[in-house]
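Here is a short briefing on one structure. Look over the sequence and the model before reading on.

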Amino acid sequence: MNHVDCPAQVIERATTSRGEIQLQRRGEYFEVISNGTFLMATYNGESERLLVRRALQLASRKDRVLIGGLGVGFSLQEALLDPKVQEVTVVEIEDKIIEWNRTILAEVSGQALIHPKTRLIQADLVAWLRETRETFDLICLDIDNGPDWRVFDGNASLYDVEGLTALRSRLREGGCLSFWSATPSPEFAAQLEEFFGRVETCEVPQAHGEPDYIFLVR
């Protein structure tokens, strides 16, 4: 039986300050639902891994990596696979996402959250970026569902001119910035090109549903 044909079994449902979040199992895989909207799953992590893998290929240095959004840990795990990476900082706002990555989802990412090179910060990424003075060789962002389709309206400011300005100030010389998106978002791609110059767009086909997209700039 294909996983899409399996009925969903709710493992845990919780109410937080950001609304309702739910972890469910579908066959051997897990899904996270936020406020009734599908957010992430463990049955296909190729786009989450490519978000980091391609950025690692483009960046001049790889010492310090920032990942916005822990998800199910695929992006974090991908960054840790590169021996040149010295530290991976993950900024995640949601308590339950962190808790599930430490327990039920820990094996999905190979226990990436407790890796010695991992540094976890629980915070709102948008606010944290504007407060920190740290800089990074890679900034890889998998926040919400991208610039066009958001579960949380507050994340919109990550993709506007003010947000892009904050991101550019946190990026080291020769660094790479990447964005995950559930939609092709030509308007956002044009905005990135205007702001940074050349934009690379990667389309990642999915076995079921529309492709995911990765935008990269240097």
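N35 is partly exposed, at a relative accessible area of 36%. The model is a predicted one.

- N35 lies in the loop between β3 and β4.
- Its phi is near 50 degrees, a positive value in a residue other than glycine.
- Most residues other than glycine have a negative phi.
- Strands β3 (residues 29–34) and β4 (residues 37–41) run antiparallel, joined by four bridges.
- Two residues separate β3 from β4 in this hairpin.
- E31 stands opposite A41 in β4.

- S185 is not a glycine either, yet its phi is positive, at about 40 degrees.
- The loop between β9 (171–181) and α6 holds S185.
- Is S185 buried or exposed? S185 counts as buried, because its relative accessibility is 1% and the cut-off for buried is under 20%.

**The α5–α6 helix pair**
- Two packed helices are described by the angle and the distance between their axes.
- For α5 (residues 161–169) and α6 (residues 186–196), the axes come within 11 Å and cross at roughly 50 degrees.
- The two helices are therefore oblique to each other.
- The crossing of α5 and α6 is right-handed.
- On the α5 side, V161, L164, T165 and R168 make the contact; they meet Q191, L192, F195 and F196 of α6.
- By class, this contact of α5 with α6 has five nonpolar, two polar and one charged residues.

Terms used
Residues numbered from 1 in each chain as written. Predicted model: local features only at pLDDT ≥ 70, side-chain atom pairs only at ≥ 80, totals over all residues. Heavy atoms only, no water. Axes fitted to C-alpha atoms, helices over the stretch in contact; angles between N-to-C directions. Parallel < 35°, antiparallel > 145°, perpendicular 65-115°, else oblique. Left-handed = near helix turned anticlockwise from the far one by under 90°. Contact = heavy atoms within 4.5 Å. Nonpolar A, V, L, I, M, F, W, Y, C, P; charged D, E, K, R; others polar. Pairing = 2+ DSSP bridges. Buried < 20%, exposed > 50% of the residue type's maximum accessible area, 1.4 Å probe, protein only.
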